[in-house]
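Dear colleague,

I am passing on the structure below, and my notes on what was found in it follow directly after. Please read them with the model open beside you.

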Amino acid sequence: MFGAVANVPTNSPHLRKSGSRPVFSDPGSGELGSGAEEGFLHSVEVDEMKGASAPLSTAAIMPSPIFLWRFKVLLFFIWGFSCCKIGWDSVMRMSVDLRDLFLYEAFLYYNPLLLVTMMVWLWGVNLWIFAQSSVNYAKIFDLDQSHLTQREIWKCATWMTIIVPTSMTAYLYLYSHGEVSLAASQPVLLYTAIALVLIFPFDIFYLSSRYFLLKTLWRIVLPLQAITFSDFFLADILTSMAKVFSDLERSVCRMLHRQVATIAWFEADSVCGSHSVAIPLVLVLPYLFRFFQCLRQYKDTGEKTTLLNALKYSTAVPVIFLSALKYHVFPDRWTSIYRPLWLLSSVLNSLYSFYWDVTRDWDLSAFTRIFKFSKASLLSNLLYGRRWVYFWVIGSNLVLRCTWTYKLSAHLRHNYLTVFTITALEIFRRFQWVFFRVENEWNKMNSKSNIQLSMSDTSEEDKLLGSNERNV
């Protein structure tokens with residue numbers, strides 16, 4: 001009735017076969033009607049058979065997703081082994097006295113991008129954990145519906161993982177085989193391509209996300225508006241990447257002065273050498289950005305804790321500039337006066353930053369919240385009840401804070417492998433810091449919304465009581 005399909009049993013006398021297709025016939029219908037009906041049913045059956053056979057044939061041709069994933073992993077390992085083999089053979093071709101300088105120059109160009117790639121991978125892990133938990137990070141950062149998920153972040157990180165080491169391998173191979181001009185073009189092309197992708201104005205390569213990133217960076221450099229959570233969150237991450245920006249400055253400086261693939265640049269008195277004043281200036285910039293953000297927050301809110309936070313970032317300035325003085329004073333003066341001051345400022349900066357992480361950024365000021373899990377509201381939403389996580393995060397944060405101060409020292413930059421490792425550990429420390437900082441902000445937002453709901457409920461009850469009293 002009204003277009004419904006009648007169910008006919010298989011043993012019905014009105015069901016007969018015509019060739020290989022079933023045909024429904026009605027004894028009361030004429031030959032014309034049955035012929036038209038058979039023609040219609042035949043066309044429907046042919047269409048159904050075509051529609052059913054097409055996906056089957058396509059599925060039979062296409063390999064399974066598991067096979068594709070394993071094939072991609074196999075290609076990735078082959079690519080990684082090839083890069084390592086070519087890079088090692090290229091380094092071994094250099095003479096022993098120039099080999100260390102050769103590696104140092106290659107690290108100067110590529111270790112900033114390798115560290116950025118690591119940061120992007122870890123940020124994808126952050127988003128994945130947030131998606132698995134009750135933390136609404138999109139609401140915290142005020143993101144729109146088109147924001148990148150962890151899968152898209154990992155896709156970007158995968159391409160960066162492939163492109164950056166490939167360019168580095170090409171640089172090592174061409175340089176060691178005497179193709180100096182081609183080797184010098186490798187980092188230039190890589191940096192240029194990355195800059196073009198970031199500023200590309202067309203709606204490809206995640207335009208809205210790139211625009212959001214560039215807009216936030218502009219707000220960090222010039223804090224002329226009210227500071228949002230995204231502004232100072234990204235600025236905090238930039239402080240962990242101060243060494244990355246310092247190496248980027250030196251790399252760009254060499255590219256502009258056409259000093260790429262020339263080991264002679266290592267002299268201290270060169271434009272981009274160890275005595276350059278630009279090195280400590282670039283190192284201190286992220287801390288100055290965060291310092292002025294705190295001052296702007298104090299102007300907008302009047303909270304005195306923002307001034308204490310600004311004082312924390314100001315303690316990094318003596319560490320950076322006292323270390324840079326080693327290249328501009330006599331060695332005995334450095335040993336007797338400036339080195340003790342540098343050590344004192346380093347200890348002060350490390351302890352102050354550690355205290356602020358635990359008590360302010362994570363809101364774990366009462367250590368009983370770490371060791372006693374009596375109240376569920378005091379627990380981490382991400383890592384509920386896992387006491388060892390708090391021990392690990394607090395202990396590792398203290399140790400890595402001290403090593404990060406070591407890395408900020410300009411006079412230790414020639415130990416490039418050690419500095420690279422410490423910078424990677426600092427990025428890992430910031431990766432841990434993100435979980436508890438975002439969670440703390442989410443808890444604050446929930447508490448504010450609960451307070452507002454309770455106040456609205458109380459006002460509605462007062463109105464109802466007032467109306468009842470008037471009625472009485």
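Helices H3 and H5 are roughly antiparallel to each other (angles over 145 degrees count as such; helices are DSSP runs of H or I with at least four residues, numbered from the N terminus). H3 covers residues 96-132 and H5 residues 150-176, and they pack at an angle of about 170° with their axes 9 Å apart, the axes being lines fitted to C-alpha atoms over the stretch in contact, with angles running from 0 to 180 degrees between N-to-C directions. The residues of this contact divide into 24 nonpolar, six polar and one charged, where Ala, Val, Leu, Ile, Met, Phe, Trp, Tyr, Cys and Pro count as nonpolar, Asp, Glu, Lys and Arg as charged, and the others, Gly among them, as polar.

This is a predicted model, in which local features need pLDDT of at least 70 and side-chain atom pairs pLDDT 80 or more, while totals for chains, interfaces and linings use all residues. Residues are numbered from 1 along each chain as its sequence is written, and side-chain values use heavy atoms, with hydrogens and water left out.

A search of the whole structure finds one disulfide (a pair of cysteine sulfur atoms within 2.5 Å), which joins Cys253 to Cys272 with an S to S distance of 1.9 Å. The link is left-handed, with -80° about the S-S bond. Because Cys253 lies in helix H9 (residues 242-256) and Cys272 in the loop between H9 and helix H10 (278-301), the pair ties together parts that are 19 residues apart in sequence.

Best regards

How values were computed. Helix = DSSP H or I, 4+ residues; strand = E, 2+ residues; numbered from the N terminus. Parallel < 35°, antiparallel > 145°, perpendicular 65-115°, else oblique.
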